[in-house]
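Let's take a walk through a protein model together.

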Amino acid sequence: PQWPDVIFVQEVHQHTRSGGKIDPAKTAAKLAKIAALLDDNGSSYYEFHAAAAADGEDHAYVKGTGVFVRRAGPLADGRFCQPTWDVDGHVCCWQHAAGLLVGCYLPTPTQKTRDAGKYQGQSQARVREDYDRHLKAMLLEHERRGELLAVLGDCNVTLALGSLDTTREFSGGEYSAGRRRFLSLIDDCKLRDEWRARNPDARRFTSFQQRGGDGGPRQARVDLALVPQRLASAVRRVEILDADGTFTSGYEKALRSDHVPILLEMSV
């Protein structure tokens, strides 16, 4: 088994009571079970931190990001932080003397509207535009200071046109604009899509959505490991962890999750 030093997770839905209020006891019990699964023979207990709604309302629209940090690992003495502009818990960071790691679950740029939270009534595309702008400014600031280590997570946009990154092309003006904007973010922040850089012609996917009304399943590579170009030589490996079909069946159908894990190993 592999015991990562940091594990970023997305769509962290906390247990709630009626009315949408978070139930701390149930949430803590669930986290305890997860932590036990991440325990390497008693020596690698993970501590969990989660992003929250900026306004402090525990029933607000929080899709959720979080991070497990291995207490026995070299990054354990860092600190958790959430950007002040992240009102819905889409972004969380682990700040360490070695640099900044960013975990994200970015909104998909579609016409679907938010039903709660600060962005209630606004389209996902509009929300994504704000997040891309703020995220880009934050990454630029840290990269200019040489502090950025990596950006990981579900970026909810494909980077390559055609079939290399997806079985069915995502279309629509909002999505195309979101793709162009995110490619600009990667370019301006001098980042590399590390898996694609090492596998220029490979066709692998990380997201396995089952769609009933639009022609069947749709697979895409939207979960990314973005690394500053200056640190490319520090990357030991980057992998999409589904070679044995644990999370999918024949790379077609989701089994344990609609996304598969990605692994980034760096020397820092």
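On the α2 side, the contact is made by Ala125, Arg128, Glu129, Asp132, Leu135, Lys136, Leu139 and Leu140, and across from them in α3 sit Glu174, Gly178, Arg181, Phe182, Ser184, Leu185 and Asp188. Sort those residues by class and you get six nonpolar, two polar and seven charged ones. Keep in mind that this is a predicted model.

Six strands form an open sheet with mixed pairing, and their order is β4-β5-β6-β7-β11-β8. Which strands stand at the edges? They are β4 (79-81) and β8 (191-193), and each has a single partner strand, so one side of each has no neighbour in the sheet. On average, neighbouring strands here are turned by 20 degrees against each other, direction ignored.

Strands of a sheet pair through backbone hydrogen bonds, either parallel or antiparallel. Zoom in on β6 (residues 99-105) and β7 (residues 148-154): these two run parallel and are joined by six bridges. Is β7 buried or exposed? Seven of its seven residues are buried, so β7 is largely enclosed by the rest of the structure.

Next, look for rings. The count comes to two aromatic pairs, and here they are side by side:

| Ring pair | Distance between centres | Angle between planes | Type |
|---|---|---|---|
| Phe48 and Phe68 | 4.6 Å | 45 degrees | tilted |
| Trp85 and Tyr131 | 5.8 Å | 75 degrees | edge-to-face |

Phe48 belongs to strand β2 (residues 46-50) and Phe68 to strand β3 (residues 65-70), so this pair ties together parts that are 20 residues apart in sequence. Phe68 counts as buried, with a relative accessibility of 6%.

Why does Trp85 count as buried? Buried means under 20% relative accessible area, and Trp85 has 18%, so it is counted as buried. Tyr131 is buried too, at 1% relative accessibility.

Most residues other than glycine have a negative phi, and most peptide bonds are trans. Which residues have a positive phi although they are not glycines? One is Asn156, with a phi of about 50 degrees. You can find Asn156 in the loop between β7 and α3, where it is buried with a relative accessible area of 14%. Another is Lys190, with a phi of about 55 degrees, and its place is the loop between α3 and β8.

Terms used:
Residues numbered from 1 in each chain as written. Predicted model: local features only at pLDDT ≥ 70, side-chain atom pairs only at ≥ 80, totals over all residues. Heavy atoms only, no water. Pairing = 2+ DSSP bridges. Helix = DSSP H or I, 4+ residues; strand = E, 2+ residues; numbered from the N terminus. Axes fitted to C-alpha atoms, helices over the stretch in contact; angles between N-to-C directions. Contact = heavy atoms within 4.5 Å. Nonpolar A, V, L, I, M, F, W, Y, C, P; charged D, E, K, R; others polar. Phe/Tyr/Trp six-rings, centres within 6.5 Å; stacked < 30°, edge-to-face > 60°. Buried < 20%, exposed > 50% of the residue type's maximum accessible area, 1.4 Å probe, protein only.
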